[in-house]
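Here is a set of questions and answers on one protein chain. Each answer works towards the value or name asked for.

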Amino acid sequence: MLNDNSRDLANHFLKLSRLGSTRSAMDVDDDDDLEEAPTELNTINSSGGFLLVSPDKLTVKYTTVNMHGHDVGVVQGNRPAPVKRLVYYFEIHVKSAGAKGQIAIGFTCEGFKMRRQPGWEQNSYGYHGDDGLLYRGQAKGEAFGPTYTSGDTVGGGINYATQEFFFTKNGEVVGTTRKDVKGRLFPTVAVHSQNEEVTVNFGAAPFYFDLKAYEAQERMKQQVAIEKISLPPHLSYGIVRSYLLHYGYEDTLNSLDLAGKSNVPPISLDHENVYNEDDLMYALSQRKVLRQLIRKGDIDAALGKLGEWYPEIVQDDKSATCFLLYCQKFIELVRVQISSVGELQEAVTYGRTKLATFFGLPGFEELVQDCVALLAYEQPQKSSVGYLLEDSQREVVADTVNAMILLRNPKATDPQVWLRSDLERLLRQLTASCLVKRQMEEDQGEAFHLHKVLNSSD
């Protein structure tokens, strides 16, 4: 049973070792900036009989005399507002208020009646210039903000974090309203009296409104809300402590315990965590030494200590654990040669004697190929296999050895328990919760990327 568990655990880290090879592609896939945003007005689907759109499709003018409420000049953006971001925003500049100043800015659904003001019909919102009222799906408006006229710049936005629409005038937020409508929404402009003329800015030019400052403020509100959540000191202390125990950071653990004696109440991890603290104390000093050796790149010394302390881990030199150690030894040889601008003969020889035996073996071949490919580049650190030279690759190997030792604990039962610490389980739960929340909101708002949060310097 122990051999099967060891094999499964080591294979898990073997798969983890190649995640770096797909990191760039993952970053591109996760990049919400790739979502297309409106760039111009949609001249095909508009009430063209009442308005004139400029050749650049960014200026609209009402050219006739309005007779009733169904001869509005309405035009939407050429694409719906993108949703995979914190905020979407656009602006209009009123070049002329015309005869009556019946200009409106807002958001409308895909099937909106293009001869009605935004906000007069269901699934639409509009902030109107002649009366300053906000219309939310019905012909009766409600007090909202100031009127606007010739020379004013007015903006409309969607805050996906708060699920609100907001409108601005001359760089200041006028007000917000709850976003109750579902589905795709289009930025929309309306003119409704003779000679009314507005120019639309979808972001090609700088906005009058400081959108970056607004986004920063919204993120700060989120951060403040998070910081208001109180955790008992002993709970957060216990979570951090279990993480240090799990990964063998004995020196840091001792420092934490020393600092915590004065201000953290005594805790019992037996009741706070999934497994007993005594289980995590298993071979702590040996795990610390091995992690330090691997993180320094001294793989020969790590193999020697493993052979002395836990010979059963390295007795099968075709195991995934040994394979990862051999690969890391090869990588360290390449790293040394790069830094000293020397010959790669030692790495080549080691690859022929150790790595060549893994060619063709299921589960091993891809990583072998990536390792060998390091030799093909003058600057391998900048290549597609450069991830192997990063410190994170050493950490994967160190984590593998750490888990294999924990599994040797006579009290160990489930190998899955030793894959992750309590802290990592909480972070996985956080990620899953954010994903579910976003799905409930029709995938609107910024996607939660844990690696971006952890790597952020803010």
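Q: What is the orientation of α5 and α8 relative to each other?
A: The model is predicted. In it, helix α5 (residues 250-260) packs against helix α8 (residues 284-296) with the axes 9 Å apart and at an angle of about 120°. Angles from 65 to 115 degrees count as roughly perpendicular and those over 145 as roughly antiparallel, so an angle between these ranges falls in the remaining class. The two helices, α5 and α8, are therefore oblique.

Q: Which residues of α8 meet Glu250, Asp251 and Leu253 in α5?
A: By class, the residues of the contact of α5 with α8 are three charged, two polar and two nonpolar. On the α5 side stand Glu250, Asp251 and Leu253, and their counterparts in α8 are Leu284, Ser285, Lys288 and Gln292.

Q: How does α4 lie relative to α8: roughly parallel or roughly perpendicular?
A: Helix α4 (residues 233-247) packs on α8 with the axes 8 Å apart, at an angle of about 75°. Angles of 65 to 115 degrees count as roughly perpendicular. So α4 is, relative to α8, roughly perpendicular.

Q: Which strands stand at the edges of the open sheet of seven strands?
A: The strand order in this sheet is β1-β4-β13-β6-β7-β8-β9, and the pairing is antiparallel. An edge strand has a single partner, so one of its sides is left without a neighbour in the sheet. The strands in that position are β1 (41-46) and β9 (142-143).

Q: What is the bridge partner of Ile105 in β7?
A: Strand β6 (residues 104-109) pairs with strand β7 (residues 124-128) over five bridges, in the antiparallel sense. In β7, Ile105 has as its bridge partner Tyr127.

Q: How many residues of strand β14 are buried?
A: Strand β14 pairs antiparallel with strand β5 (residues 87-97) over six bridges, and Ala97 stands opposite Glu196 in β14. Strand β3 (residues 59-62) also runs antiparallel to β14, joined by three bridges, with Thr59 and Thr199 as bridge partners. Strand β14 (residues 196-201) is mostly covered, and of its six residues the buried ones number five.

Q: Which element gives the largest share of the largest nonpolar core?
A: The largest nonpolar core has 44 residues, and Leu306 and Leu367 have the most contacts inside it. Elements that give two or more residues to this core include α1 (2-16), α9 (299-309), α12 (345-355) and α14 (391-407). The largest share is 11 residues, and it comes from α11.

Q: Which residues does Leu367 touch, not counting residues up to four places away in sequence?
A: Leu367 is one of the residues with the most contacts inside the largest nonpolar core. Beyond four places in sequence, Leu367 touches Leu14, Ser17, Arg18, Phe323, Leu324, Cys327, Tyr387 and Leu388.

Q: How many residues does the second, separate core have?
A: Among the members of this second core are Ala81, Val154, Tyr160 and Phe167. Its size in residues is 32.

Q: Is Gln163 buried or exposed?
A: Gln163 is in the loop between β10 (153-159) and β11 (164-169). Its phi is near 55°, a positive value in a residue other than glycine, whereas most residues other than glycine have a negative phi. The relative accessibility of Gln163 is 6%, and under 20% counts as buried. Gln163 is therefore buried.

Q: What is the relative accessible area of Asn195?
A: Asn195 lies in the loop between β13 (185-191) and β14. Phi of Asn195 is near 70°, again a positive value in a residue other than glycine. Asn195 counts as partly exposed, with a relative accessible area of 38%.

Q: How far apart in space are Ser384 and Leu374, C-alpha to C-alpha?
A: Ser384 lies in the loop between α13 and α14. At 56% relative accessibility, Ser384 counts as exposed. In sequence, Ser384 and Leu374 are 10 residues apart, and in space their C-alpha atoms are separated by 9.2 Å.

Conventions. Residues numbered from 1 in each chain as written. Predicted model: local features only at pLDDT ≥ 70, side-chain atom pairs only at ≥ 80, totals over all residues. Heavy atoms only, no water. Pairing = 2+ DSSP bridges. Helix = DSSP H or I, 4+ residues; strand = E, 2+ residues; numbered from the N terminus. Axes fitted to C-alpha atoms, helices over the stretch in contact; angles between N-to-C directions. Parallel < 35°, antiparallel > 145°, perpendicular 65-115°, else oblique. Contact = heavy atoms within 4.5 Å. Nonpolar A, V, L, I, M, F, W, Y, C, P; charged D, E, K, R; others polar. Core = buried A, V, L, I, M, F, W, Y, C linked by side-chain atoms within 4.5 Å. Buried < 20%, exposed > 50% of the residue type's maximum accessible area, 1.4 Å probe, protein only.
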